[in-house]
Structures are given as structure tokens and as C-alpha cells.
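Here is a short briefing on a structure with its sequence.

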Amino acid sequence: MENFNTVKELIEIAEKKEISLAQVVIDREIKITELSEAEVREKMKETLEVMRESVKPALNQDIKSMSGLTGGDAKLVDQARKEGKSLVGDLFSRIIANTLAVSELNSAMGKIVACPTAGSCGIMPGSLLTLAEEYQFEEEKIIEALFVASGFGMVIAKQASVSGAAGGCQAECGSASAMTAAAITYLMGGSNQAVASAAAVALKNLLGLVCDPVAGLVEVPCIKRNAIGSSNAVTAAEMALAGVESVIPIDEVITAMKEVGDALPESLKETSCGGLAVTPTACRIKKELQTESL
Amino acid sequence: MDNLSAFDMIGPVMIGPSSSHTAGAVRIGNLAKEIVNNEYQDIKIYFHGSFKETYKGHGTDRAIIGGLLGYKTDDPKIKDSLKTAAEMGIKFEFFPIKLENVHPNTVKLEITDVDGVNTTITASSVGGGKIVVTRLNNTELNLKGEYYTLITFHQDQPGLIAKISEILNIYNLNIAEMQVLRERKGHQATAIINLDHEIEDQILSLIRGIPGIKTSKLIKPLN
Ligand code: SF4
């Protein structure tokens, strides 16, 4: 097994051994878990199944978050699409609705896959699985795309952070969007460089995004930010697949993300002491929730 | 990154919305269940800090009770745990509390089991679903649910700890960490021994048989 600390190293191993990016991540996983390749793939298949299931409930039922603050938006978008009212077309509209659906399920105490966190759990299933369904990819190929995404996630976690408290929302929704852009580009057959470019562009676009949850809850702005994370991932993949390259390489973008995260004040890192969390409306919501609380 | 798994990035599978306020709370409940190791009669739950502020929206109340009922962090039944516990005839109540020198995500549990035994546990959810029990009854400790942990309550006397180590040694049980606490020399003492492997009942009874040991508990690691 060869380990990698940067995306550059990940790609170098793949090229030296003439294997796919997914296989590099799978080989590493086999080594650290002492499981067989079949077992490692099976585990990802089970994870994929949970992801797939997590898209459905909020599209088919009226669900509300525990605070009562959110829920129902996935259905609205899906309904508009079904009525032929989508602005951006059927596929993109489904991506938005499916992403919202997973995030809404999370806020309603449903079963989700943290990717990389619970707050950003809608982006990967919302975009990757919707595209995989549209283009009818085989299960194994989707599983491989998920391994590629986790490889990129590991580099981000190692070089920067995937926690809103440590790096702001750029570290959560930004990382999720970059991982998803990489997964989509890999799934659609992009080159290793294109996969890296897609992740770089996606992360660049969300650089500086603050973490400012209203009333301290993973709801506002989190759920809608997932939809933006998906749109951004798809846009980045579209560019990368067309041959657009990121001027700044992904590893440097990750370092920049870490620097920006460190520079962000504590008030914008999950403390709910700044940004949207201290707007008059957020303060009112917080007060209302508190009166029904302990 | 050497021990980071692909499934740390795409995973864990969990009940939302928050790894610290939901999944962590379930794990606190799971560890408390291990410690109490009996059916419950009455549970009092005191939320501190961020747990107090946001417990409702994060379902921390359902998560703690779900954990006490033995549900794992990915069990959809967590959402209905309050109803389930009530149907089982368990009395439970939530209160606000202000504790000194604790992590913002802290909960204190006062549990009375069906035999009338009281257990008080203070625990914190420290991020990413990781937890630590910082107080068990009157003893301060550092229990994370990562090992098989043997806790003994005994009279502080020379040679007692050596006897425990000797028994563990004979059966080839490796001690990962050991902590011995006492109120005063010669008084009530507690040993917290983290082991890499499970202890069989037979070995446990040998340890319980050591003169001076009042009670002992074996706590299994959380998965
Ligand atoms: S705003 Fe904060 S809590 Fe919400 S998704 Fe982003 S990082 Fe997570």
C-alpha cells in the first residue's frame, strides 16, 4: 500500500502503478483495516444503499425538523419540476430537490451518511446519485466514485479540516462540494487531472464560507447551503469535463482553505455569534425556540 | 492521516442532525447503560451549556434516552425513544443545569435502577461523536468507552492494586492504562483499568474475591 498526503501524491501513485484513483484509495483501505477488497467494496455498497434511501422520505412525506423550523422545501422544488415549471431543466432540478431532501431528513432525525459531516450530508447523494441514475451507471462504478471522493476528503482532513467549528462552512459544505465534484468527474470518465481540477474549482468557489447556524441548529442556512454545494459541484464537474483547468492546483486550494479557516473569527465558526445567526430574524427565532425549551 | 479511513469521510451512517449533539448523546446513553447494567426505574437528565440551549432542535433528549435503551447511533428508533421509554414504564425528566469547568456539551444523569441503586454520571460530547465520562458518583475519571474498562471500588490498602495486576498478568491481559484514585490514604479508593481485551467472568470473580474490594464493574467499549 502507498499512502498519500496530497492529491498530487494520490495521482502519482495511480499513474506509477497504472491503476485508477479509486483503486489507490481502496488499496490503502484494505491495508489499514485488514479487510479484503471484497469486504471493503461491500462496506461502501452498504453506505451507498443508506445514501440512496436517505433521498426518498422528504420527497414523499411531509417531514419537519425537530425545531419545526425547516422541512418541506425538497417537495416544493420537486413539485414545481413535475409541473414542468423548472427553470434549469429536469435533471438539475432533481439534483436540487434530492439534495434538499437528504438534508431535511438529517434535520428531522432521519438516517443519513455523514459526508463528510452530517451538516453537509445532502451534497453527495443529491448530486452524484441523481447523475448516476440519470446516466444509468453500474453499482461498482458508483462505489469507486465514492472511494475517489473519500480520498480527496482524507487529504482535506489531513491538510485542513472538515469541521465547521475549526474551519467554517467552507470546510463542511466546501469540502463536501469538492469531494462530490471529484466523484462526478471520475464517474463521467474524466482524466485524473480533470478530477483534481473539478475538486479545486468547487473548493475555490466556496472559499471563505462562514459557519453561522441560526439558533445553533443544523438547519438554517445549512439545508439550502447543501443545494448550493450540489449546484457548485455539478458546475465544477461540467467545466472540468469540458477541459477547463483550475489555475490553482487542488493542493494549494486546500492550503488556502486552511489559512482562510484559521483567519476566520470564532464568531463565524459554529458558535452562532456572528453572520446570519445574529440577524434580527435569527434572534427572534432563537428566542421563540428558547421559550419552549428548558 | 494514517488511521483515517475512507469511511470517516463517507460515513458514519448516523441519525441526524448533529454528530456532537445527537450521535455523541446516543453514545453517552450507551455508556451509561453499560455502567448501570440494570433496568431503569427513574432517570433525571440535566442539560448544561449548548446541550441546554439546543437539545430540542438536535433531538439530544431523544438521543440520550435512545442510548440508554441501547439503540446505536444509526437506529431510526431513536426518534421515538421518549415514547418507547414511557411505554416501558420508565420515569424520566429533563432539567437545566449550570455546571462548573465542563465542556459546553455536557449532561449529568441521575439514574435509579429497579433495585433502588443510584448512579450519577457526568459526561461530555467532545466532537465528532466522541464522548467522555468525567464523573461517576463521587469519582472524577476519564472514561471514553474505547477499552474494556474494569472499575473497582475498594478500601485503600497496600498491595491491593498489585494483586489485581497479578491476576491480570497471570491471564495475560494487557493493561493499556491504569488510574488509581483515593479520597485519603487508607480510605475509599477507585481503580480504573483499561484493558485491550475482554475479561472472562471467572477472572472477574477472582478479582472480586480479593479482600478489600467492595464492588467492581466491567464496562465494554462502545462500537
Ligand atoms: S453553516 Fe455550519 S453547521 Fe451549517 S452546514 Fe455549514 S458548517 Fe455545518
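Across the interface of chain A and chain B the rule finds zero salt bridges, a salt bridge being a side-chain nitrogen of Lys or Arg within 4 Å of a carboxyl oxygen of Asp or Glu. Over all chains, a search of the whole structure finds 27 salt bridges. This is a predicted model, in which local features need pLDDT of at least 70, side-chain atom pairs count only at pLDDT 80 or more, and totals for chains, interfaces and linings use all residues. Residues are numbered from 1 along each chain as its sequence is written, chains are lettered from A and ligands numbered from 1 in the order in which they are written, and side-chain values use heavy atoms, with hydrogens and water left out.

**Chain A against chain B**

- The size of an interface is often given as the accessible area lost when the parts come together.
- About 3200 Å² is buried between chain A and chain B, and carbon and sulfur atoms give 66% of that area. Buried area is the accessible area (1.4 Å probe) that two parts lose on being put together, summed over both.
- Chain A brings 47 residues to the contact and chain B brings 36 residues; contact means heavy atoms within 4.5 Å.
- Eleven residue pairs are in polar contact between chain A and chain B, both residues at pLDDT 80 or more. A polar contact is a pair of N or O atoms within 3.5 Å; within protein, one must be able to donate a hydrogen and the other to accept it, and residues adjacent in sequence count only if both atoms are side-chain atoms.
- On the side of chain A that touches chain B, the elements giving two or more residues are helices H2 (21–33), H3 (37–55), H6 (90–107) and H8 (139–159), plus strand E1 (111–113), of chain A. Helices (H or I, at least four residues) and strands (E, at least two) are DSSP runs, numbered from the N terminus.
- H8(A) supplies the largest share of that side, eight residues.
- By class, the side of chain A that touches chain B has 28 nonpolar, twelve polar and seven charged residues. Ala, Val, Leu, Ile, Met, Phe, Trp, Tyr, Cys and Pro count as nonpolar, Asp, Glu, Lys and Arg as charged, and the others, Gly among them, as polar.

**Ligand shell**

- A:Gly119, A:Gly164, A:Cys169, A:Glu172, A:Cys211, A:Asp212, A:Cys222 and A:Arg225 surround the ligand; a residue is near a molecule if one of its heavy atoms lies within 4 Å of it.
- Helix H10 (169–187) and helix H12 (222–241) of chain A are the elements that give two or more residues to this shell.
- Three shell residues are nonpolar, two are polar and three are charged.

**Domains of chain B**

- Chain B is assigned domain 1 (6–140) and domain 2 (148–219); the bounds come from an automatic or database domain assignment.
- Taken over C-alpha atoms, the centres of domain 1 and domain 2 of chain B are 27 Å apart.
- Seven residues from domain 1 of chain B and seven residues from domain 2 of chain B make the contact.
- These two domains of chain B bury about 540 Å² between them, 65% of it from carbon and sulfur atoms.
- In domain 1 of chain B, B:Ile35, B:Leu136 and B:Thr139 lose the most area to domain 2 of chain B, together 59% of what that side buries.

**Backbone and side-chain details**

- Most residues other than glycine have a negative phi, and most peptide bonds are trans.
- A:Val220 and A:Pro221 are joined by a cis peptide bond, with omega about 5 degrees.
- B:Gly16 to B:Pro17 is also a cis peptide bond, with omega near 5 degrees.
- A:Ala215 has a positive phi, near 60 degrees, and is found in the loop between H11 and H12 of chain A.
- A:Arg41 and A:Glu37 form a side-chain salt bridge (3.0 Å, N to O). Both lie in helix H3 of chain A, four residues apart, about one turn of the helix.
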